Amino acid sequence: MDRRKFIRNTMLGMIAVSSPISISAMDSATRALTGSKSLKLSFKPYELKLRHSFNLAKYSRTTTPDVLVQIEWDGIVGYGEASMPPYLGESIESVCKFLSNLDLAQFTDPFRLEEILQYVDSTAPNNRAAKASVDIAMHDLIGKIIGQPWYKIWGLSPEKAPNTSFTIGIDKADVVRKKVEEAAPYKVLKVKMGLDNDKELVEIIRSMTDRPLCVDANQGWSSKEKALEMCEWLADKNCLFVEQPMPKEMLDETAWLRERSPLPLIADEFLQRLPDVKRAYGAYDGINIKLMKSTGLHEAYQMVSIARALDMKLMVGCMTETSCAVSAAAQLAPLMNFADLDGNLLIANDCFDGMKIVDGKVTLTDLPGIGVKPL
């Protein structure tokens, strides 16, 4: 059964129970299948301002370039965004150029998602964040037409969403202490590492709290011996896993490390798109899925299926993003072992309201689509 028939039959089933929301959703779904209106794409640059300097093993920044996207159909608007940290290799200029070259007006049926996203992907290579912005907006639009959030469309149980970690970046001792204090509501802390003072950073945190740690080396450990020594040391510090311990090119060395490490290894920079899941198998214990790398929710969901078949651990992450992209990623949270969905909490100028962190846990709303509304 194709997607449109599935949606139509689902809506008919909902009509049978005479729910007012279902009738409205059926109304919209019927229009989606029979209407002749075209998709209308619009976008604008937006600079994300970070609450603290974001310091990683290889660079530091206080802002993140971003592009906000809207796709409108028959008066209904879906929201998306492209967030561009430096290592993605994208910019506001490249994203705007990519989006300007798209002709979404050729499509009149939003439910032809496979066809639409295939067209977007084939327009130009790479441009993963730009493609993700369209994917997110399309999922938001379709969910609003149906009248349901995506975790419900996928049949997921929101209570299965894990706690999110809260990121403590590399910084001076007094700033680290302040960040740990700010992270009091969160049950898991994520520590950015990869410099000479890694152990000092962890010791500062451990002097203040014994909450579980997730460590992200951001490719900062240049040898397998160094990485193993750090993994063994961290195993005694209530650490859950180590993310991207070595440069992504060092696949054989990472496989060597995995055989010896007392902690699970999670692929981040190594893992970009769908084919990388199978490549990661054997060298990593799990994968960190981010929408800006995977080109959005459509491919991310496929990555989940493959990783589950390979019995790999699953983590959903984010860049520094507004609540738009973070809430979109959160729709996948019930499928995950771990979550790192704090990107919206690290910025001072969020322009959306969406998913919440309640008592440290990823908490999904009943808002349709990706679960956001603009502020």
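Modeller: Let me begin with the naming: helices (H or I, at least four residues) and strands (E, at least two) are DSSP runs, numbered from the N terminus. The model is a predicted one, in which local features need pLDDT of at least 70 and side-chain atom pairs count only at pLDDT 80 or more, while totals for chains, interfaces and linings use all residues. Residues are numbered from 1 along each chain as its sequence is written, and side-chain values use heavy atoms, with hydrogens and water left out.

Colleague: Where does S327 lie, and what makes S327 buried?

Modeller: S327 belongs to helix α14, which covers residues 323–330. Buried means under 20% relative accessible area, exposed over 50% and partly exposed in between, with a 1.4 Å probe and protein chains only. The relative accessible area of S327 is 1%, and therefore S327 is buried. With contact taken as heavy atoms within 4.5 Å, and residues up to four places away in sequence not counted, S327 touches G354, M355, I370, G371 and V372.

Colleague: Why can the buried residues of helix α7 be said to line one face?

Modeller: In α7, residues 173–182, the buried residues include V176, K179 and V180. Seen down the axis of α7, the buried residues fall within an arc of 100°, so they line one face of the helix; the arc is that of the directions from the helix axis to the C-beta atoms. On the other side of α7, D174 and E181 are exposed.

Colleague: What makes a set of residues a nonpolar core, and which members touch the most others in the largest one?

Modeller: A nonpolar core is a set of buried Ala, Val, Leu, Ile, Met, Phe, Trp, Tyr and Cys residues joined through side-chain atoms within 4.5 Å. The largest has 111 residues, of which W221, L234 and L341 touch the most other members. Helix α5, residues 128–146, gives the most to this core, with eleven residues. A second, separate core has six residues, among them V188, C214, I266 and M315.

Colleague: How do you know that β9 and β10 pair, and why are β4 and β11 said to stand at the edges?

Modeller: Two strands pair if DSSP finds at least two bridges between them. Strand β9 (residues 286–289) and strand β10 (residues 313–316) have four bridges and run in the parallel sense, and one of the bridge partners is K313 in β10, which stands against G286. Two bridges join β10 to β11 (residues 338–339), also in parallel, with V316 opposite A339. The open sheet has eight strands in the order β4-β5-β6-β7-β8-β9-β10-β11. Each of β4 (165–168) and β11 has a single partner strand, so one side of each is left without a neighbour in the sheet.
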